[in-house]
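Please read the following note beside the model.

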Amino acid sequence: MALNKFDPKLVRRAQQGERNSRNLLLGRLSKVFESFFKRKLGNQAVVDDLVQCSLLRVNSGLEALQQMDKFKAFAMKAAMFELHDYYRGRHSPKERTYEPQLLPDNKDFINPASGDAIDVEKALAMLTPHARRILELREHGYKFKEIAEMLDTTETAAKMQVKRAFEKMRTIFVD
């Protein structure tokens, strides 16, 4: 018997706000979307954009899902909408660079007066050169569209690099 990657119980827990279940579900779905879009398009930058936009669409619509056993059909419909928008020339990256509810509470910040210190250079060294370059360009005031043109990538891919860089740095600072 094959393991159901989208078990209705997992979908229900994700829908109820269990963070680990949602991450697991969207992680599994990401692989399905990537395979789907690669077969259709092949262009990795466009595939990455469509995967992210599809995941956002599923994530924001998950609460409305009533039949947990229909999750994969629900998700693939979201992917099809993104693909159709792309084919019609109406595709636009919808990703935000941060989620306000994911920002750390004030207690997560280190108080310099307490003697704790953060080695920002060390944390930045943990990032890929590409991610560091994007952060550097953002610091100099460039817009994501301009950065994407300079680095021959897409706007959404640049935003994702920043998001992932901040997530990675946050784990470094918390650890």
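1. The second largest pocket is lined by 13 residues, and those nearest its centre are Asp48, Gln52, Ala157, Met160 and Arg164. On a 1 Å grid over the protein atoms alone, a pocket is an open set of points with protein on both sides within 12 Å along at least five of seven lines, and lining residues have an atom within 4 Å of a point. The model is predicted: local features need pLDDT of at least 70 and side-chain atom pairs pLDDT 80 or more, whereas totals for chains, interfaces and linings use all residues. Residues are numbered from 1 along each chain as its sequence is written, and side-chain values use heavy atoms, without hydrogens and water.

2. The space in the second largest pocket is about 170 Å³. Helix H8 (155–174) gives the most to its lining, with six residues; H3 and H8 each supply at least two. Helices here are DSSP runs (H or I, at least four residues), numbered from the N terminus. By class, the lining of this pocket has four nonpolar, six polar and three charged residues. Asp, Glu, Lys and Arg count as charged, Ala, Val, Leu, Ile, Met, Phe, Trp, Tyr, Cys and Pro as nonpolar, and the others, Gly among them, as polar.

3. Helix H2 (residues 19–40) packs on helix H3 (residues 44–61) at about 140°, with the axes 9 Å apart. Axes are lines fitted to C-alpha atoms over the stretch in contact, and angles run from 0 to 180 degrees between N-to-C directions. H2 is therefore oblique to H3, a term for angles that are not under 35 degrees (roughly parallel), over 145 (roughly antiparallel) or 65 to 115 (roughly perpendicular). Residues making the contact (heavy atoms within 4.5 Å) include Leu26, Phe33 and Phe37 of H2 and Val47, Leu50 and Val51 of H3. Nine nonpolar, four polar and three charged residues take part in the contact of H2 with H3.

4. How far apart are the axes of H2 and helix H4 (residues 71–87)? They lie 11 Å apart, and the packing angle is about 40°. H2 and H4 are therefore oblique to each other. Among the contact residues are Leu25, Val32 and Phe36 of H2 and Phe71, Ala75 and Met76 of H4. The contact of H2 with H4 holds 13 nonpolar, no polar and two charged residues.

5. Helix H1 (residues 8–15) and H2 have axes that come within 8 Å and cross at roughly 120°. This angle makes H1 oblique to H2. The contact includes Leu10 and Val11 of H1, with Leu24 and Leu25 of H2.

Conventions: On a 1 Å grid over the protein atoms alone, a cavity is a set of points where a 1.4 Å probe fits but cannot get out, and a pocket is an open set with protein on both sides within 12 Å along at least five of seven lines; lining residues have an atom within 4 Å of a point. Grid points are joined across faces, edges and corners, and a volume is the space filled by probe spheres set on the points.
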